[in-house]
Amino acid sequence: MRGALTLGEIAARLGGRVAGDPATAVRQVASLDSAGAGDISFFSNPRHRAKLAATRASALILSADCEALSALPRIVCDAPYLYFARVSQLFNPLTTQAAGVHPSAVVGNNVRLGTGVSIGAGCVIGDNVAIGNESCLYPRVVVYAGCSLGDRVILHSGVVIGADGFGLAHDESERWVKIPQIGAVRIGNDVEIGANTTVDRGALDDTVIEDGVKLDNQIQIGHNCHIGAHTAMAGCTGVAGSTRIGRHCILGAAASILGHIEIADHVQVSACTVVTRSIRKPGTYTGIFPFDENRTWAKNTALVRHLADLAQRVRVLEKEKKSG
Amino acid sequence: MRGALTLGEIAARLGGRVAGDPATAVRQVASLDSAGAGDISFFSNPRHRAKLAATRASALILSADCEALSALPRIVCDAPYLYFARVSQLFNPLTTQAAGVHPSAVVGNNVRLGTGVSIGAGCVIGDNVAIGNESCLYPRVVVYAGCSLGDRVILHSGVVIGADGFGLAHDESERWVKIPQIGAVRIGNDVEIGANTTVDRGALDDTVIEDGVKLDNQIQIGHNCHIGAHTAMAGCTGVAGSTRIGRHCILGAAASILGHIEIADHVQVSACTVVTRSIRKPGTYTGIFPFDENRTWAKNTALVRHLADLAQRVRVLEKEKKSG
Amino acid sequence: MRGALTLGEIAARLGGRVAGDPATAVRQVASLDSAGAGDISFFSNPRHRAKLAATRASALILSADCEALSALPRIVCDAPYLYFARVSQLFNPLTTQAAGVHPSAVVGNNVRLGTGVSIGAGCVIGDNVAIGNESCLYPRVVVYAGCSLGDRVILHSGVVIGADGFGLAHDESERWVKIPQIGAVRIGNDVEIGANTTVDRGALDDTVIEDGVKLDNQIQIGHNCHIGAHTAMAGCTGVAGSTRIGRHCILGAAASILGHIEIADHVQVSACTVVTRSIRKPGTYTGIFPFDENRTWAKNTALVRHLADLAQRVRVLEKEKKSG
C-alpha cells in the first residue's frame, strides 16, 4: 500500500466524475464483499446488486447508469472495470520483487540486462540472453541461451523460454532423428507469461511473441509460432508449431490450436475449442462438446458414432416421400 | 522399510480377520505380479484371478467373498484397497524427504514454519508465508509471498503457489491493463499437490483450497477459486477463475471447469469433460467426444456441423406425414 | 557452428547424389526464407515453390522428382526432411550444455553418473539415481530418488521424474488415504523429454519409458504406465495411470489416454483425441469435436444433447412408412 488518495485526486489523475464527497480518502481496492473503511470497490455486474447494497466500502467505481444504485461516495466513469484496474495500479505495484539479480540465480556469459531488471531466486539465464528494462523474472524461471525479452516483461515462476522445439524426422527403421533447434525466442515489450508456461525456441528461425501479449499459466507455445501483439491466452492453452496468430486475439482456457495454420486478427476462440484449420475472418469460434448427466451423455454419444447412418436413413425417407 | 509385522499384529492395528497363520510375517507391500517372500499383496479385481493363483506373495488382503480363492495366509476385510493403503503406510513413509530446510532453499522474511517441516532443495518461499506442521515441500517448489499452507501438506516438485492470477482489463485501444493480484492462496490441512501444478493468488480476496484436497500433476487452479474439502482432481485438470467447487467432488483427468460457476458437493466429473455451467445436483457428469477410426470419425463429424439441417429435414418429414 | 563442409563431403557421409558443383561449401542449415550465403536449405513441401524460387541459400536438399525445380547446387535424396535432419546434426550439437555437474545442482547420495553427463544449474538429483552416458539434464530438472535414466537421455528444464503417482483410497468417511508410491521410473536410452513434462513413479512396480521415446513439453505420464520404444507424444498430452502404449506410436498434441488401457504398436492418435478404451489394431484414431462460428456451433451443439430423440423420431417415421 502506498498511502491514501482522495476521490478527487484519483479523478484528477484518471478522469471520471466524482459523485458525493471528493475528499473521501481511500487507500486500497477491495471486492464488494470484503471491502471495509478506506477501501474503494467497483460495481459492473447487475447480478451483484445485493452485494452493492451491503458493501462496507468507503467508495465505489461505477458507470453512469448505475450511479443511482448507491449513495456512497463514488467515481462515475465509462468503463468501471478498466478504471478499477487503473486505481488498483495506483495503490499496488505491478510486480512485487525488488530489482537486482538474486544471488542464487545463475546468469550466463554475455547477458545484457536492462535497468531495473529483477531476476528472482533460482532463475537460470543462458548465454547471450538480452532482457529489457524493468523486466521481472520471478523465482525459478529458465531462459535458454540466445533468447531475448523486451521491456517490462513479467515471467512467473516455472516459465521455460527457449527449450528445444519438438523437431524429429523418422528414419528408415521408424526411429526418431532429432533436428537441432537453432532458432531462438524473441519476446516483445509488456509481455506477461504465467507460471509453468513454456515457449519453445525455433527450429531454424525464431519463435516470436509480439508486444503486449499476455499468456496465462501452463500454456505451451510450439517452435516457430508467431503470436501477434496484444493477444491474450487463458490457462492450459496449447499452440502447436509454426502457427501464426494475429493481433488482439483472445484464446479461452485450454484451447488447442493445431500447427501450421493462421489465425486472423481479432479472433476469439472459446475455451476448450480445438482449432484444426486457419481462421481468416474475425469473430468468435467455438467447439465445445456439451456435457450432460452421464447416462444421458452415454445415450446421445453412442449416436454421434452413427450419425452418418442416421443421415442416410433420413435421405431414404426423403426419397421414398418424393417417389411415393 | 521399517521391519516386519505379522498378520496378527497388522489386524490388531487395522482390524480385519486373519485366515491362515497369524504369525506369518511380512515387511513390504507388492503387486500380485512382483510380490515375493515377505510381501503382502491385495486382491480386489476379479479380472486378476490368474495373477492371484500365480502370486508368490507371503500373504494377501481380500474381501470375505474372495476369501476362498486363495489358500495363502490372508487378512479378510471389507475394503481391501483401503486396507492395503493402510498396510502400505505401516511399511512406508508418506513422504521421503528429511525434515529441515535444505541449504539451497531460499526462505523470505517473516516466514513461519511449523514443527517437522521439510523444505527441499531449490525451493523458494516468499515473505510472510506460513507453513504448518509436518508439511513437506519437495525440491523446486515456489510459494509466493503471503500464502499459507496447513499441516501435513505435501507439495511436489515444480508446484507454484500464489503466482498472479490472470486479471486484465481492455483499455480504449484494446491493449491489456494488468490488475494487480493482491489476494493470496490459503491451503488447508492434509492437502497434496502434484508436480508442476499451479494455484494462482486471488485478485482481491484469497484463493482457497480446503482440508484434504488432493490435486494431481499439471493442474491449474485460477484466481479466487474455492475448492471444497476432500475433493480430488486427476492430472491436467483446469479450473478457471472464481469457480467454487464443493466438498467430496472427484474431477477426472484433463477436465476443464470454466470460470464463475458453482459445483455442488459430491459431484463427479468424468475425464476430459468441459463443464460450462453450474452443477447443482450430485451425480456423474460427462462430455467426452467419442473417438473412432479416423475415416469413420471424419464421416460422422462432418455431420455434427450440419445437425441443425438434419433435424430440420426430420421436422419436414414429420409435418408431411401429418398433413399427408 | 563447426566449420564448412562441401556438398561432396556431405554426400560422402550421408549418401545422396550431388547435382551442380560438389565443391559448394555450406556451414549451416536454414529455412528457404532466411537462408543466405553458406546456408543449405531443404525443399519437401510443393506449397513452398515460390519460396524455393526466391531463396538465397547456397545449396538445397530435395528429392529426385523436385530436382529440376532449382538450378542451385543440390543434394538429391529419397527423404529430404530426414536428410536435412542429419545435415543439421553435422553442423549443430544435439545438446548445448557442457558436460559436468553445475555447482548449483544438488546431487544426492549413491548417485551413479555415466561419462559425459551434463547436469544443469539448479537440477536436483535424489539418492540412488542412475544416469547413463552422455545424458543431458537442462537447468531445473528434478529426478526423485531411485529413478534411472539410460544413455543419451535429454531432459529439458522443469521436467520432474518420479514424483508420487496419484494413488488414493477412500476411507469410511470419504476422506482420502494416501497410498505410498514405492515404485520408481525407469527411462531407456535416447529418450528426450520436453520442458515441464512430468513422469510419475509407480505405485508398487515401476513406470517405464522404453528406448527412443520422445515426449514434448507439458506432458503428464501417470504411475505404472509403460511407453513402448520409439513412441512420440506431442505437447500437452496426458496418459493416465497403468496404461500400456505400444512401440512406434504417435500421439498428437493434447491427446488424453485414459488409465488401465492398452494401445497396440504403430497406433496414431490425432491431436486432442480422448482415448477411452484399448486400441488393438494399428491405424489412425481421431475424436476431435469440430469447431465453428459460435452461432452455428450453438445451434448444432444443442442438438447433440437431443440426438437420442432425433434418432427415435426417425425410427417412428420409418415404422409409419412401413406400416403405411
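1. Glu293(B) has Tyr285(C) as its bridge partner in S36(C). The model is predicted. The pairing crosses from one chain to another: S37(B) and strand S36 (residues 283–286) of chain C are joined by two bridges. These two strands run antiparallel.

2. The sheet around this pair is open and has eleven strands, with mixed pairing. Its order is S37(B)-S36(C)-S34(C)-S31(C)-S28(C)-S25(C)-S22(C)-S17(C)-S14(C)-S11(C)-S8(C). Strand S37 (292–293) of chain B and strand S8 (100–101) of chain C are the edge strands. Each has a single partner strand, so one side of each has no neighbour in the sheet.

3. Now the helices of chain B. Helix H1 (residues 7–14) of chain B packs on helix H3 (residues 80–91) of chain B at an angle of about 110 degrees. Their axes are 11 Å apart. The angle falls within 65 to 115 degrees, so H1(B) is roughly perpendicular to H3(B). The crossing of H1(B) past H3(B) is right-handed.

4. Which residues make this contact? H1(B) contributes Ile10(B), Ala11(B), Arg13(B) and Leu14(B). From H3(B) come Tyr83(B), Arg86(B), Val87(B), Leu90(B) and Phe91(B). By class, the contact of H1(B) with H3(B) has seven nonpolar and two charged residues, and no polar ones.

Conventions: Residues are numbered from 1 along each chain as its sequence is written. Chains are lettered from A and ligands numbered from 1 in the order in which they are written. This is a predicted model: local features need pLDDT of at least 70, side-chain atom pairs count only at pLDDT 80 or more; totals for chains, interfaces and linings use all residues. Side-chain values use heavy atoms; hydrogens and water are left out. Axes are lines fitted to C-alpha atoms, for helices over the stretch in contact, and angles run from 0 to 180 degrees between N-to-C directions. Helices (H or I, at least four residues) and strands (E, at least two) are DSSP runs, numbered from the N terminus. Angles under 35 degrees count as roughly parallel, over 145 as roughly antiparallel, 65 to 115 as roughly perpendicular and the rest as oblique. A crossing is left-handed if the near helix is turned anticlockwise from the far one by less than a right angle, and right-handed if clockwise. Contact means heavy atoms within 4.5 Å. Ala, Val, Leu, Ile, Met, Phe, Trp, Tyr, Cys and Pro count as nonpolar, Asp, Glu, Lys and Arg as charged, and the others, Gly among them, as polar. Two strands pair if DSSP finds at least two bridges between them.
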